[in-house]
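Please keep the sequence and the structure in view while reading.

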Amino acid sequence: MTIDRNETSIAYYVPPTVRDALAYLQIIEARFEERPVMYYRFLDIMQDFKNQQIDALGVIKRVCTLFTGHPTLILGFNMFLPKGYRIHCSIELGNMTGPVAVMTPVGTVIQVGGRGAFPNPKAMGCRTQVSGHT
């Protein structure tokens, strides 16, 4: 059986491994080879989270803002989110076509930056919607 680490079902949640984290860091570093400051900003965000200077939603917002225009990096970050959190964004031909939405463990949806059509909360499995929070 293959388990998708991005699966939203808590029953199949598999925590990421050190290998997953290192692979993700290598992807970020390669993507921003010409702009290494982006890689170091990401590390700073992770350090702030580790030091409890920001909460889960804060780290999600900062990562989504940092990686604006890089939907694969944003969606790849789902693997590292605490149970119940999920990042969604619309992609067409490799480009983001709307805002990033974050579903929280209580089922609310929060828009993180961007403009355009907000994702359908029911399609995301949400009970309520809170939009426009950045």
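In helix α3, the buried residues are Ala56, Leu57, Gly58, Val59, Ile60, Val63, Cys64 and Leu66. That makes α3 a mostly covered helix, with eight of its 11 residues buried, and these buried residues pack against α2, α4, β1, β4 and β5. The model is a predicted one, and the values below are computed from it.

**The chain as a whole**

The chain has four helices and five strands, and from the N terminus on these elements follow the order α-α-α-α-β-β-β-β-β. Of its 134 residues, 34% count as buried. Among the contacts between residues at least 6 apart in sequence, 29% join residues that are at least 24 apart.

**The nonpolar core**

The largest nonpolar core has 25 residues, and those with the most contacts inside it are Ile28, Phe42, Phe67, Phe77 and Ile87. At least two residues of this core come from each of α1 (18-31), α2 (36-50), α3 (56-66), α4 (71-76), β4 (100-103) and β5 (109-112). Which element gives the most to this core? It is α3, with six residues.

Phe67 is one of the residues with the most contacts inside the core. Once its neighbours within four places in sequence are left aside, Phe67 is in contact with Tyr24, Ile28, Phe32, Phe42, Leu73 and Ile74.

Tyr39, which is found in helix α2, has a relative accessible area of 13% and is therefore buried, the cut-off being under 20%. Not counting residues up to four places away in sequence, Tyr39 touches Leu25, Ile28 and Glu29. The C-alpha atoms of Tyr39 and Leu66 are separated by 9.6 Å, although the two residues lie 27 residues apart along the chain.

**Aromatic residues**

A search of the whole structure finds eight aromatic pairs. In one of them, the ring centres of Tyr24 and Phe80 are 5.2 Å apart and the planes stand at 50 degrees, so the pair is tilted. This pair links distant parts of the chain, since Tyr24 belongs to helix α1 and Phe80 to the loop between α4 and β1 (86-88), 56 residues apart. Phe80 also forms an aromatic pair with Phe77, and this pair too is tilted, at 6.3 Å centre to centre and with 45 degrees between the planes. The two pairs are set out below.

| Aromatic pair | Centre to centre | Angle between planes |
|---|---|---|
| Tyr24 and Phe80 | 5.2 Å | 50 degrees |
| Phe77 and Phe80 | 6.3 Å | 45 degrees |

Are the residues of these pairs buried or partly exposed? Tyr24 counts as buried at 7% relative accessibility, and Phe77 is buried as well, with a relative accessible area of 3%. Phe80 has a relative accessible area of 24% and is partly exposed, because that value lies between the limits of 20% and 50%. Tyr24, Phe77 and Phe80 belong, together with Phe32, Phe42 and Phe67, to one aromatic cluster.

**The second largest pocket**

The second largest pocket holds about 190 Å³ of space. Its lining consists of Ala21, Tyr24, Leu25, Phe42, Leu43, Met46, Phe49, Val59, Phe77, Phe80, Leu81 and Pro82, a list that includes Tyr24, Phe77 and Phe80 from the aromatic pairs. By class, the lining residues divide into 12 nonpolar, no polar and no charged. Helices α1 and α2 each supply at least two residues of this lining, and the largest share, four residues, comes from α2.

**A loop residue between α2 and α3**

Gln52 is found in the loop between α2 and α3. Gln52 has a relative accessible area of 70% and is exposed, because it passes the cut-off of over 50%.

Definitions and conventions. Residues are numbered from 1 along each chain as its sequence is written. This is a predicted model: local features need pLDDT of at least 70, side-chain atom pairs count only at pLDDT 80 or more; totals for chains, interfaces and linings use all residues. Side-chain values use heavy atoms; hydrogens and water are left out. A nonpolar core is a set of buried Ala, Val, Leu, Ile, Met, Phe, Trp, Tyr and Cys residues joined through side-chain atoms within 4.5 Å. Buried means under 20% relative accessible area, exposed over 50%, partly exposed in between (1.4 Å probe, protein chains only). Contact means heavy atoms within 4.5 Å. Rings of Phe, Tyr and Trp (its six-membered ring) pair if their centres lie within 6.5 Å; planes under 30 degrees apart count as stacked, over 60 as edge-to-face and the rest as tilted. On a 1 Å grid over the protein atoms alone, a cavity is a set of points where a 1.4 Å probe fits but cannot get out, and a pocket is an open set with protein on both sides within 12 Å along at least five of seven lines; lining residues have an atom within 4 Å of a point. Grid points are joined across faces, edges and corners, and a volume is the space filled by probe spheres set on the points. Ala, Val, Leu, Ile, Met, Phe, Trp, Tyr, Cys and Pro count as nonpolar, Asp, Glu, Lys and Arg as charged, and the others, Gly among them, as polar.
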